[in-house]
Amino acid sequence: MSTLTLAVRDSSTMLRRNLLHARRYPSLTLNLLLTPIMLLLLFVYIFGDTLGAGLGGGRAEYIAYLVPGLLLMTIGSTVIGTAVSVSTDMSEGIIARFRTMAIHRGSVLIGHVIGSVVQSVASVVLVGAVGVAIGFRSTGATVLEWLAAFGLLVLFALALTWIAVGMGLVSPTAEAASNNAMPLILLPLLSSAFVPVDAMPGWFQPIAEYQPFTPAIETLRGLLLGSGIGHNGWLAVAWCLGLAVLGYFWSTAKFNSDPR
């Protein structure tokens with residue numbers, strides 16, 4: 001068989017392995033999902049009327065504002081599990097075993113990445129269903145905007161997954177991997193996910209504006225609500241591509257040099 005055929009076959013095997021692990025041990029993924037769901041319910045039912053008034057509306061307007069940010073936060077939360085899974089594989093010796101077998105070297109990382117993207121999309125669907133259940137509606141979006149929103153979510157998941165894989169590879173233990181990946185869930189808290197950047201203190205606005213989550217959130221919000229996205233669209237794509245390339249080269253370099 002050709003090298004490409006072997007790579008596809010072995011990557012498919014590794015993908016099935018990771019999805020089976022996620023199905024048999026769902027506690028980590030479910031625990032990571034609790035954060036965005038609890039924040040969604042907290043901000044809608046406790047602060048929704050007050051924050052919605054600041055947007056010139058009420059709770060319904062704030063739900064429409066909040067849900068897109070929580071969907072991207074869900075991706076950041078889900079990929080922490082990928083960092084933990086990669087670190088566990090590296091520290092428990094299974095990777096050393098794989099390296100003695102006649103399998104494509106890159107298939108191990110590819111299986112983790114594709115499996116993580118699949119889990120991230122499934123998690124987004126679940127959190128989105130909760131959002132719809134409490135009142136979120138995307139009535140202003142066209143079919144093309146829905147497709148673009150889905151593409152952005154997949155691209156964002158791919159970018160963060162490669163970063164998470166790198167974090168897992170440099171972490172000596174699963175606990176360290178979980179701690180190292182925490183910025184992926186903390187950054188959305190410092191973005192426009194909960195309140196507009198213009199409503200933040202002047203000294204804090206650059207922190208919220210010049211990071212990957214804010215342009216991605218503004219783009220997703222514009223696509224789902226059928227409003228304009230301005231320059232945020234190309235900024236979001238640039239951030240995603242940059243992070244994906246950085247994470248890919250970081251992860252592959254570390255994986256190929258790691259003696260474990």
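## Salt bridges, helix packing and surface of a predicted model

D49 has a relative accessible area of 45%, so this residue counts as partly exposed. In this report, buried means under 20% relative accessible area, exposed means over 50%, and partly exposed lies in between (1.4 Å probe, protein chains only). The model is predicted: local features need pLDDT of at least 70 and side-chain atom pairs count only at pLDDT 80 or more, whereas totals for chains, interfaces and linings use all residues. Residues are numbered from 1 along each chain as its sequence is written, and side-chain values use heavy atoms, with hydrogens and water left out.

**Salt bridges**

Side chains of opposite charge can pair when their charged atoms come close. A salt bridge is taken here as a side-chain nitrogen of Lys or Arg within 4 Å of a carboxyl oxygen of Asp or Glu, and by this rule the model contains three salt bridges.

D49 takes part in one of them, with R59 as its partner, at an N to O distance of 3.2 Å. Helices (H or I, at least four residues) are DSSP runs numbered from the N terminus. R59 has a relative accessibility of 30%, so R59 is partly exposed.

Another salt bridge joins the side chains of D89 and R17, with 3.0 Å from N to O. D89 sits in helix α4 (residues 59-92) and R17 in helix α1 (residues 3-24), so this contact ties together parts that are 72 residues apart in sequence. Both D89 and R17 are buried.

E218 and R221 form a further salt bridge, in which the closest N and O atoms are 2.9 Å apart. These two residues are three positions apart in helix α11, so about one helical turn separates E218 from R221. E218 is partly exposed because its relative accessibility is 23%, whereas R221 is buried because its relative accessible area is 5%.

**Packing of helices against α12**

Helix α11 (residues 213-225), which holds the E218 and R221 pair, packs with helix α12 (residues 232-257) at an angle of about 130°, the two axes being 8 Å apart. α11 is therefore oblique to α12. Angles under 35 degrees count as roughly parallel, over 145 as roughly antiparallel, 65 to 115 as roughly perpendicular and the rest as oblique. Axes are lines fitted to C-alpha atoms, for helices over the stretch in contact, and angles run from 0 to 180 degrees between N-to-C directions.

Helix α7 (residues 143-169) also packs with α12: their axes come within 8 Å and cross at roughly 30°. α7 and α12 are therefore roughly parallel to each other. L153 is located in helix α7, and its relative accessibility of 13% is why L153 counts as buried.

**Nonpolar surface patch**

L34, M38, L41, L42, Y45, I46 and F47 form a nonpolar patch on the surface, and together they have about 650 Å² of accessible area. Patches are made of residues with over 30% relative accessible area and no salt bridge: like charges are joined within 9 Å, nonpolar side chains (Val, Leu, Ile, Met, Phe, Trp, Tyr) within 5 Å. Areas come from the Shrake-Rupley method with a 1.4 Å probe, and for residues only the protein chains shown count as cover. F47 lies in the loop between α2 (27-45) and α3 (48-54), and is partly exposed because its relative accessible area is 35%.

**Separations along the chain and in space**

A129 belongs to helix α6 (residues 107-133) and is partly exposed, because its relative accessibility is 43%. T88 is found in helix α4, and with a relative accessible area of 23% T88 is therefore partly exposed.

| Residue pair | Separation in sequence | C-alpha to C-alpha distance |
|---|---|---|
| A129 and W234 | 105 residues | 28 Å |
| L153 and V170 | 17 residues | 26 Å |
| T88 and V245 | 157 residues | 24 Å |
| L41 and L55 | 14 residues | 18 Å |
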